[in-house]
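Notebook open, viewer running. I'm jotting down what I looked up, in the order I looked.

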Amino acid sequence: MTTTAMSDFRLDPVSGLNIHRQANTLVKANAFAAVVFLMIGGFFGLGVALTRMPEVQLLKPEMFYLFLTAHGIIALMVWIIFFEMAVLYFVGAHLLNSRIATPRWAWAQFWLMLIGAVMTTVAILQGNSSVMMTSYPPLEAAPHFYLGLILFAVGALIGCFVFLGTLVIAKEEKTYGEGSLPLVTFGGLTACVIAIFTIASGALILIPTFLWRVGLISHIDPMMYRVVWWAFGHSSQQINVVTHISIWYLIAGLVFGAKPMSEKVSRGAFLLYILFLQLGSVHHLLSDPGLSSTWKIFNTSYMIYLAVLASLIHGLTVPGSIEVAQRKKGLNKGLFTWLRKAPWGNPVFSAMFLSLIGFGFLGGITGVVMSVEQINVLIHNTMYLPGHFHATVVAGTTTAFMAATYYLIPVVFQRKLALAGWAKLQPYIYSLGSFSFSIALMGAGTMGLQRRQADITYAGQALGYQYPELGKAMLSIGEIGGVIMVVGGVMFILIVLASVFGGERIPEGSAPWPKVEDADVVYERTEHKKHIGLLGFEAPGTFVLAMILFATLVLYYFINFKYLSTIWTLS
Ligand code: HEM
Ligand SMILES: [Cu+2]
């Protein structure tokens with residue numbers, strides 16, 4: 001049996017999870033650091049939003065670019081990757097009842113990432129590193145800007161190996177029985193594999209750039225930089241997608257006692273990500289003159305659809321499994337009773353479901369359409385981009401991570417959620433903000449409004465340009481959505497701080513969450529078993545949702561090509 005003493009663990013009597021104390025402390029540390037950086041990143045986001053609003057124009061251009069760089073890097077890299085470390089340790093150790101491999105290395109992960117994040121943030125705040133998140137040369141940042149990112153990445157890489165080591169230990173010590181890894185941990189493994197590829201690409205480009213800045217290399221080729229940087233930048237978004245999808249599965253199981261509709265299909269879909277997602281990197285360079293159309297089209301219009309297929313599968317099977325579970329538990333009437341009677345007041349569920357809708361309808365559809373080379377010229381470098389990726393990375397990933405946090409506070413921090421009334425509302429306010437921000441920015445972008453631009457009125461500039469009034473109005477509406485997002489973000493942070501520092505303690509040995517029965521077990525007990533579903537469909541409501549998604553996609557495709565045809569008036 002295990003070589004560790006039992007007091008290294010504590011048992012959750014209801015879920016049966018055997019929680020390794022050191023792993024638990026590491027999950028706490030990483031999740032907490034993540035939330036602190038979300039707060040800092042959000043602060044800079046507010047500054048950016050209030051500058052882009054033509055009526056306010058809070059910051060001078062220099063300060064605007066400083067804020068934009070800080071916002072992009074802190075929100076997208078630091079918040080998200082710290083949280084992902086917490087998720088990896090949780091799905092590796094907690095879910096497998098295992099101890100964590102090499103806790104010392106895990107602490108090295110934490111400290112390296114923290115030192116790296118602080119170093120890069122300081123470099124940005126010193127004012128000579130406003131190169132924005134993409135940091136394309138020949139723009140130059142201070143050397144410690146790159147060094148901080150490198151340390152941060154090395155830390156994350158160590159975290160990946162600690163996770164892999166934990167899987168090996170759990171298997172050897174048979175902490176999760178004889179079978180294969182649970183699906184959620186398998187999702188974590190997928191994220192980990194993509195992360196290793198991502199970090200290798202990041203190292204490949206950031207190390208030479210750092211050497212260039214300290215004078216050891218004379219020249220960095222900007223085209224090469226862009227291609228390799230996006231192997232890192234794009235793939236890192238796929239870690240986010242895989243992680244938030246794993247969280248969807250986790251929460252479907254925890255809240256509803258749901259099982260994936262088909263384990264094999266879901267696992268296969270995770271594998272599709274590993275095989276095909278990286279090729280999509282080139283969708284960030286569709287308007288780049290340095291690459292051939294053949295290369296761009298092969299990757300973005302053929303290969304990437306195999307990865308999109310994977311997202312569609314998860315997007316179907318997660319609500320599908322919830323629907324099946326709800327129907328098995330007796331909510332079998334009509335098309336959508338299962339959804340109407342879902343626990344909408346529980347932030348773990350509501351944030352998760354809003355993440356699914358936001359990611360699918362806003363982030364997913366627009367991502368597929370904007371990856372078409374021809375359509376891409378319509379929206380390249382416009383506000384459409386931040387509109388799109390706030391739908392994926394905020395409405396999708398960040399909201400899913402908030403859902404996970406609401407679940408983890410009782411389990412990991414052993415505290416009840418404080419400000420429970422706020423927590424009920426928070427996912428709705430945050431999503432109202434992120435949805436409206438994304439949609440309005442995409443509207444403004446379609447009217448041509450540029451991204452990364454402090455003053456869209458071009459006041460006093462020689463080459464000024466007047467955007468359509470409608471576009472400017474949409475930008476302002478979007479930034480109001482941004483402010484609502486900040487309100488939701490502040491609520492989240494206050495809830496987390498109040499819970500972690502002042503929430504009612506959950507004594508050891510009592511359950512953090514009430515027991516949720518497995519839907520299959522409930523179904524087995526039912527006396528007059530009826531077939532669940534309608535007209536031969538086990539999950540007809542989900543099928544209808546999927547058809548609505550598909551129709552929206554087709555319509556949106558059509559609208560974009562129609563719009564394109566009015567701009568290219570050659571014939
Ligand atoms: C707290 C609410 C937030 C607000 C109000 C906000 C607002 C904005 C605005 C106005 C821009 C500038 C668009 C432009 O001028 O091109 C922007 C850029 C960006 N945001 Fe956010 N955002 C928020 C949250 C987030 C989060 C949570 C993430 C990541 C998880 C994120 C990632 C980014 C990135 C990567 C950029 C691009 C930076 C660049 O162009 O270099 N944002 N955001
Ligand atoms: Cu991408």
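This is a predicted model: local features need pLDDT of at least 70, side-chain atom pairs count only at pLDDT 80 or more; totals for chains, interfaces and linings use all residues.

Which residues is valine 522 in contact with, leaving aside its neighbours within four places in sequence? I get Lys328, Lys329 and Glu517, taking contact as C-beta atoms, placed from the backbone, within 7 Å.

Residues are numbered from 1 along each chain as its sequence is written, while chains are lettered from A and ligands numbered from 1 in the order in which they are written.

**Valine 522, continued.** I placed valine 522 in helix 15 (residues 519-525); helices here are DSSP runs of H or I, at least four residues, and strands are E runs of at least two, numbered from the N terminus. Valine 522 counts as partly exposed because it has 14 C-beta neighbours inside 10 Å (20 or more would be buried, 12 or fewer exposed, with C-beta atoms placed from the backbone).

**Whole chain.** I counted 16 helices and 2 strands in the protein chain. The radius of gyration is 24 Å against the 25 Å that the globule rule gives for 571 residues, so the chain is as compact as a globular protein of that length. That radius is taken over C-alpha atoms, and the rule is 2.2 Å times the number of residues to the power 0.38. The C-alpha trace spans about 75 × 55 × 45 Å along its principal axes. I see 51% of the 571 residues counted as buried. Of the contacts with a separation of 6 or more, 85% come from residues 24 or more positions apart.

**Ligand 1.** I found 27 residues around ligand 1, the closest being Gly45, Gly72, Ala75, Arg451 and Gly482 (C-beta, placed from the backbone, within 6 Å). Helix 1 (21-52), helix 2 (61-94), helix 12 (384-412) and helix 14 (469-502) each give two or more residues to this shell. Helix 2 gives the most, with 7 residues.

Helix 16 (residues 540-567) reaches 41 Å from first C-alpha to last, close to the expected 40 Å, which is 1.5 Å times one less than its number of residues. Its buried residues are Pro540, Gly541, Thr542, Leu545 and Asn560. Helix 3 (residues 103-126) reaches 34 Å, close to the 34 Å expected. Just after helix 3, I noted glycine 127 with a positive phi of about 100°.

Notes: Two residues are in contact if their C-beta atoms, placed from the backbone, lie within 7 Å.
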